[in-house]
Amino acid sequence: MADVTMELMFEGMKSVQARLAQVDGKIDELKQEMQASRTSQNGIRQEITGVFQEISGIHATLVRHEGRLDRIETRLELNEVPTP
């Protein structure tokens with residue numbers, strides 16, 4: 001154990017430093033991928049919100065038309081009478 005020199009320790013530390021640099025690079029990659037995933041998720045969320053709003057508008061139009069049709073049927077006395 002007394003044969004361990006400062007030079008040998010320095011070489012070991014250099015390899016540890018190189019590995020840490022690789023780990024830092026991989027962490028940066030993962031951060032970028034996670035940010036891209038979040039951005040994509042937000043885009044999908046906005047698209048879903050747009051579709052929901054469009055469907056809500058269509059539903060409101062159908063409800064309005066149904067009310068108008070009911071009034072027309074009532075005025076023309078076209079209401080179906082249930083048969084016994």
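**Briefing: a helix and the segment after it**

Arg19 is part of helix H1. The model is predicted, and H1 covers residues 6-75.

**Span of the helix**
- The 70 residues of H1 should span 104 Å at 1.5 Å a residue, and the distance of 102 Å between its end C-alpha atoms agrees with this.
- Arg19 and Thr74 are 55 residues apart along the chain, and their C-alpha atoms are separated by 81 Å.

**Arginines**
- Arg19 has a relative accessibility of 55% and therefore counts as exposed, the cut-off being over 50%.
- Arg71 also lies in helix H1.
- Arg71 counts as exposed because its relative accessibility is 55%.
- Together with Arg64, Arg68 and Arg75, Arg71 forms a positive surface patch.
- In an α-helix there are 3.6 residues a turn, so residues three or four places apart point the same way.

**After the helix**
- Glu77 is found in the segment after H1.
- The phi of Glu77 is positive, at about 55°, although this residue is not a glycine.
- Most residues other than glycine have a negative phi.
- Glu77 is exposed because its relative accessible area is 69%, where exposed means over 50%.

Conventions: Residues are numbered from 1 along each chain as its sequence is written. This is a predicted model: local features need pLDDT of at least 70, side-chain atom pairs count only at pLDDT 80 or more; totals for chains, interfaces and linings use all residues. Side-chain values use heavy atoms; hydrogens and water are left out. Patches are made of residues with over 30% relative accessible area and no salt bridge: like charges are joined within 9 Å, nonpolar side chains (Val, Leu, Ile, Met, Phe, Trp, Tyr) within 5 Å. Accessible areas come from the Shrake-Rupley method with a 1.4 Å probe; for residues, only the protein chains shown count as cover. A salt bridge is a side-chain nitrogen of Lys or Arg within 4 Å of a carboxyl oxygen of Asp or Glu. Lys and Arg count as positive and Asp and Glu as negative; His and the chain ends are not counted. The place of a charge is taken as NZ of Lys, CZ of Arg, CG of Asp or CD of Glu. Helices (H or I, at least four residues) and strands (E, at least two) are DSSP runs, numbered from the N terminus. Buried means under 20% relative accessible area, exposed over 50%, partly exposed in between (1.4 Å probe, protein chains only). The expected span of a helix is 1.5 Å times one less than its number of residues.
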